[in-house]
Amino acid sequence: MGEGNTGLEQRDLAVLWHPCTQMKDHERLPVIPIRRGRGVWLEDFDGRRYLDAISSWWVNLFGHSHPRINAAVKAQVEELEQVLLAGFTHEAAVSLAERLVAISPAGLRKCFFADNGSCAVEVALKMSFHYWRNRGELRKTRFICLENAYHGETLGALSVSQIPLYRDTYAPLLRDAIVAPSPDCYRRAPGETWAECSRRGFEAMADLLERHADEVCAVIVEPLVQCAGQMRMYDPVYLSLVRAACSQHRVHLIADEIAVGFGRTGTLFACEQAAIAPDFLCLSKGLTGGYLPLGAVLTTDEIYRAFYADYDTRTAFLHSHSYTGNPLACRAALATLSLFEEQPVLAGNRQLAQAMAAATAHFTDHPHVAEVRQTGMILAVEMVQDKATKTPYPWQERRGLRIYRQALARGVLLRPLGNVVYFMPPYVITEDEIRHLAEVAWEGINLATSD
Ligand SMILES: *Cc1c(COP(=O)(O)O)cnc(C)c1O
């Protein structure tokens, strides 16, 4: 871009291989060097600003460079930057585990730290399998996941993910999961409510549990919103039904709230909307306010006790990551949780969610918008070629990319998932900024659907 970035773009492309990127795209598409972040704004070396409408891949909650989180990390780095968590402990990890146990759904009493989201999913899958093994149930070796699910990129997490774009290439390396239809309400029948649609979606899951319970360790779901799966949404009733069926069939329920936890869906955790508690709760992303990588898996005393025995029984969970429970990450997380305690965050988000709905109310009239859907602080707009039949644009046309470029030119970071434009902004966005965001998205949609 401009001169101010001191050749960073060229240096970058000479050595860096970027995540989730066809690097050849950068022959036409600039990489954008960011010098600093403040609140919802990212700023480049020429002073150009970008409104971070997607919370830097859904991790940021209270804006970039938040004074409280900055101070917490700075204070911790002066005391202890890292210590192994096997045989040793530190105040930040203990306090964070205490706070997570206190705020998570009832019955989750033990906290195991990992160092990112995919690893938290690996931990939950392995723990569930290992629990049944420790109980002598050796036939339980499989998992049920949902169609269109996303649980991360490592091979175990990818095995329970069902987005062809990320999965298909690696299919020969993956274990076969049992796949239940998604309760996604986008394709609900005319006149059908979300609840009716999700209830109907549950019938196949009930059937799979009935048939496979004796070989299944756990069902894994993303509560309420399949975020990487194009922000497809469903009704809380589905979670209630899955919870009851899992209990009935002696199968664990793993709730992957890595993307939807910490207020994204309107409640602190999405599971609260169905008044359920999973057997495993996976957390990451917003856990540290978007500062540092950290994952956590919360589980029950009952599961913990199945591993608790004399060493020579070989029932221990011998899983670790080097940076497990890193003190700096734990401090960032504690400061983030303090912000939830001290400020009416969820009430503020209700206001902001209403503003997002109001600013996009007219989008449904667009001839190429099939749906505007929203769950709390996540709002998604589904662009289609044919509105009546909901026929999508061919993926090769990359219409979302046109919106990405147009929005950048207008100082907004939007990063559509295929044909779905979405807002998942930091909670410190203002109503004016939301209106601006909606205007830019509207322009982008018009541009992307003009031929
Ligand atoms: C992002 C995400 C993950 C993976 O987390 P990483 O930290 O990127 O490995 C897992 N599950 C869900 C639902 C996610 O959105």
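The model is predicted, so local features are taken only where pLDDT is at least 70 and side-chain atom pairs only at pLDDT 80 or more, while totals for chains, interfaces and linings use all residues. Residues are numbered from 1 along each chain as its sequence is written, and side-chain values use heavy atoms, leaving out hydrogens and water.

## Two pairs of helices

Helices (H or I, at least four residues) and strands (E, at least two) are DSSP runs, numbered from the N terminus. Two packed helices are described by the angle between their axes and the distance between the axes. Axes are lines fitted to C-alpha atoms, for helices over the stretch in contact, and angles run from 0 to 180 degrees between N-to-C directions.

Let's start with helix α8 (residues 194-212) and helix α9 (residues 237-248). Their axes come within 9 Å and cross at roughly 20°. Helices α8 and α9 are therefore roughly parallel to each other (a word for angles under 35 degrees). The crossing of α8 and α9 is right-handed, meaning that the near helix is turned clockwise from the far one by less than a right angle.

Which residues of α8 and α9 make the contact? From α8 come Ala195, Ser198, Arg199, Gly201, Phe202, Met205 and Leu209, and from α9 come Val237, Tyr238, Leu241, Val242, Ala245 and Cys246. Contact here means heavy atoms within 4.5 Å. Sorted by class, these residues are 10 nonpolar, 2 polar and 1 charged. In this sorting, Ala, Val, Leu, Ile, Met, Phe, Trp, Tyr, Cys and Pro count as nonpolar, Asp, Glu, Lys and Arg as charged, and the others, Gly among them, as polar.

The second pair is helix α3 (residues 67-79) with helix α11 (residues 327-342), which pack at an angle of about 145° with axes 8 Å apart. The crossing of α3 and α11 is right-handed. On the α3 side, the contact residues are Arg68, Ile69, Ala72, Val73, Gln76 and Val77. They meet residues of α11 that include Pro327, Leu328, Arg331 and Glu342. The contact of α3 with α11 has 9 nonpolar, 3 polar and 3 charged residues.

## Aromatic rings

A pair of aromatic rings is described by the distance of the centres and the angle of the planes. Rings of Phe, Tyr and Trp (its six-membered ring) pair if their centres lie within 6.5 Å; planes under 30 degrees apart count as stacked, over 60 as edge-to-face and the rest as tilted. By this rule there are 13 aromatic pairs, and here are two of them.

| Pair | Centre distance | Plane angle | Type |
|---|---|---|---|
| Phe62 and Phe340 | 5.2 Å | 70° | edge-to-face |
| Phe307 and Phe317 | 6.0 Å | 80° | edge-to-face |

Phe62 sits in the loop between α2 (55-58) and α3 and Phe340 in helix α11, so their pair ties together parts that are 278 residues apart in sequence. Phe62 has 5% relative accessibility and counts as buried; Phe340, at 14%, is buried too. Buried means under 20% relative accessible area, exposed over 50%, and partly exposed in between (1.4 Å probe, protein chains only). Phe307 and Phe317 both lie in the loop between α10 and α11, and their pair joins parts 10 residues apart in sequence. Both Phe307 and Phe317 are buried. Finally, Phe62, Phe262, Phe269, Phe340 and Tyr427 form one aromatic cluster.

## Single residues to look up

Is Ala275 buried or exposed? Ala275 is exposed, with a relative accessible area of 72%, and is found in the loop between β10 (252-256) and β11 (280-283).

Ile434, in helix α14 (residues 431-448), is buried at 0% relative accessibility. Leaving aside neighbours within four places in sequence, Ile434 is in contact with Leu352, Ala355, Met356, Ala359 and Ile429. The C-alpha atoms of Ile434 and Ala53, 381 residues apart along the chain, are separated by 8.9 Å.

Thr375 belongs to strand β13 (residues 369-375) and counts as buried at 9% relative accessibility. Not counting residues up to four places away in sequence, Thr375 touches several residues, among them Trp194 and Arg264.

Ser55 lies in helix α2 and has a positive phi of about 50° although it is not a glycine.

Key:
Parallel < 35°, antiparallel > 145°, perpendicular 65-115°, else oblique.
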